[in-house]
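Reader: Please show me the structure, and then let me ask about its parts one at a time.

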Amino acid sequence: MAKTKSYYYCRECGYQSSSWLGKCPECGQWNSFEQEVVQSNKTMSSSFRGVSGVPSSSPRLIQEVTYSESRRIGTNCEEFDRVLGGGIVPGSLILIGGEPGIGKSTLLLQTALSITGQKVLYVSGEESEQQIKMRADRISHNSQLCYVVSETSTQRIFEHIESLNPDIIVIDSIQTVSTESIDSSAGSISQIRECTTEFQRYAKRTGIPVLLIGHITKDGSLAGPKVMEHIVDAVLQFEGDRNYGFRILRALKNRFGSTAELGIFEMAGSGLKEVSNPSQFLLGQRDETLSGAAIAATLEGARPIFIEVQSLVSSAVYGTPQRNANGFDFRRLSMLLAVLEKRCGFKLGAKDVFLNIAGGLRVNDPAIDLAVACSILSSNVDIPISPRICMAAELGLSGEVRPVSRVEQRISEAARLGFERIFISKYSGRNLEKPRYPIDIVEISVIEEAFRKLFS
Ligand code: TYD
Ligand code: MG
């Protein structure tokens, strides 16, 4: 007879308690506890039974443990491989998170279709086989070994796996599958945790990699508790502005690679296209005569990306001036405006300021500060900045231009992209071998200097 128990789980971190709590003792979140009825069903019927508890391994000397890098499975998608650290590691459990409609299913179906010589099983709990086929037809492919099934019970999924014997498994999505061993509904915290654990045990036992799709809540965290992130080997986040074609795949956690890598895609009518040179793509449509635009040499992870910052400064229409920032931190914009007002003497407090990062990207790299400040100044005085100038520096509260990380990499990339001049902080330039770079390096120490050099 199955035993029924009810527990309370924290929505944020998955903390378990036998009674309701107002504040989670683990993560400090208020009012985050939800009740779930958990039935531990001892009469499990699947082939999965007996996996736990059976000692399948014995301790070995670390020198005796062997592995080979070549065993990584290439996805035939350079951007995806890069984020994974060179391909899918056998036996790994990879979670791909993202907002609804961002393209998670498309990415993984495309990957499933493009992997050669491996039998892939694509399990969907959201779409029927016909719908998956319709999607696959949009993506041009010549895959011979991709199997699809619409299924939500993990026990039956494991049965399918047993009979098909695939080399790679894709689960779309972890929130829609459920295990019979517990009695709460699919998508609940205990179900997500239990199902993830089942797939993890399976992947570790058999060496077959499992790719899980996970939904993201409004505030940007993975729906379901943080425990899921602890269980899996890699957490990749798929993000981007849905109104633009750009998509970024970022590794938030990767046991087998660097988290500094990221992959860039463009959503086209026929699936996701790799973008191997994003800067050229982003800077392609620029007109020299426009004021208010400046180019920043930013780094996304380990990759230099050159983006255009656009500003519009105009007299305030209402008593309270409006400020708007797209793709840039609003508070940081307010701070930069205050610095510009103080140091450059412009009455920006009486102006509307709109800021936009072209291409719908969101930038957190502080090296964008100087370009933001200069684009605001450019719009304010209505003098354009040459599109052959780029910038990479942070601004301090007193208007000082501060150094940024990996400035050499930014300069080399600027030179490679054909820029004539790059503005950096005086302090970044100190240990730089300037003659090495075929580009004019302008070192500045305060924002006024940049203003004078650009506009007078
Ligand atoms: P989808 O992969 O279903 O998103 P998710 O699984 O993350 O919810 O992608 C949905 C969007 O992608 C949808 O709005 C349509 C668009 N899309 C294209 O633009 N081109 C394509 O070839 C495909 C398959 C989808
Ligand atoms: Mg989907």
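Author: What follows is a set of questions and answers about this predicted model.

Reader: In what order do the nine strands of the open sheet lie, and which are the edge strands?

Author: The nine strands run in the order S6-S5-S7-S8-S4-S9-S10-S11-S12, and their pairing is mixed. From one strand to the next, the twist averages 25°. An edge strand pairs on one side only, and here the edge strands are S6 (146-150) and S12 (271-274).

Reader: Which strands does helix H5 touch, and what angle does its direction make with that of S8?

Author: Helix H5 is made of residues 189-206 and packs on the sheet that holds S8. The strands touched by H5 are S4, S7 (168-172) and S8. The direction of H5 makes an angle with that of S8 of about 160°.

Reader: Across which strands does H3 lie, and at what angle does H3 run to S6?

Author: Helix H3 consists of residues 129-138. H3 lies across S5 (120-124) and S6. Its angle to S6 is about 140°.

Reader: How are H2 and H3 placed relative to each other?

Author: Helix H2 (residues 104-114) packs against H3 with the axes 10 Å apart, and the angle is about 75°. An angle of 65 to 115 degrees counts as roughly perpendicular. H2 and H3 are therefore roughly perpendicular to each other.

Reader: Which residues of H2 and H3 meet, and how does their contact divide by class?

Author: On the H2 side, the residues are Ser105, Thr106, Leu109 and Leu113. On the H3 side, they are Ile132, Arg135 and Ala136. By class, the contact of H2 with H3 has four nonpolar, two polar and one charged residues.

Reader: Which peptide bond is cis, and where is Ser173 found?

Author: Most peptide bonds are trans. The bond from Asp172 to Ser173 is cis, with omega near 0°. Ser173 is found in the loop between S7 and H5.

Reader: Where is Asn76, and what is its phi?

Author: Asn76 is in the loop between S3 (33-40) and H1 (78-84). Most residues other than glycine have a negative phi. Asn76 has a positive value although it is a residue other than glycine, with phi near 65°.

Reader: Which residues line the largest cavity, and what is its volume?

Author: The structure holds one cavity of 30 Å³ or more. The largest cavity is lined by Arg72, Leu84, Gly87, Ile88, Val89, Ser92, Ile94, Ala234, Asn254 and Phe256. By class, this lining divides into six nonpolar, three polar and one charged. The volume of the largest cavity is about 40 Å³.

Reader: What is the volume of the largest pocket, and which residues lie closest to its centre?

Author: The largest pocket has a volume of about 510 Å³. Its lining holds 21 residues. The closest to its centre are Glu99, Glu239, Gly240, Asp241 and Arg362.

Reader: Which strand supplies the largest share of the lining of the largest pocket?

Author: By class, the lining of the largest pocket divides into seven nonpolar, eight polar and six charged residues. S9 (234-239), S10 (246-254) and S16 (351-357) each supply at least two residues of that lining. The largest share is three residues, and it comes from S9.

Key
Residues numbered from 1 in each chain as written. Chains lettered and ligands numbered in written order. Predicted model: local features only at pLDDT ≥ 70, side-chain atom pairs only at ≥ 80, totals over all residues. Heavy atoms only, no water. Axes fitted to C-alpha atoms, helices over the stretch in contact; angles between N-to-C directions. Helix = DSSP H or I, 4+ residues; strand = E, 2+ residues; numbered from the N terminus. Parallel < 35°, antiparallel > 145°, perpendicular 65-115°, else oblique. Contact = heavy atoms within 4.5 Å. Nonpolar A, V, L, I, M, F, W, Y, C, P; charged D, E, K, R; others polar. 1 Å grid on protein atoms, 1.4 Å probe; cavity = no way out; pocket = protein on both sides within 12 Å on 5 of 7 lines; lining within 4 Å. Points joined across faces, edges and corners; volume = space filled by probe spheres on them. Pairing = 2+ DSSP bridges.
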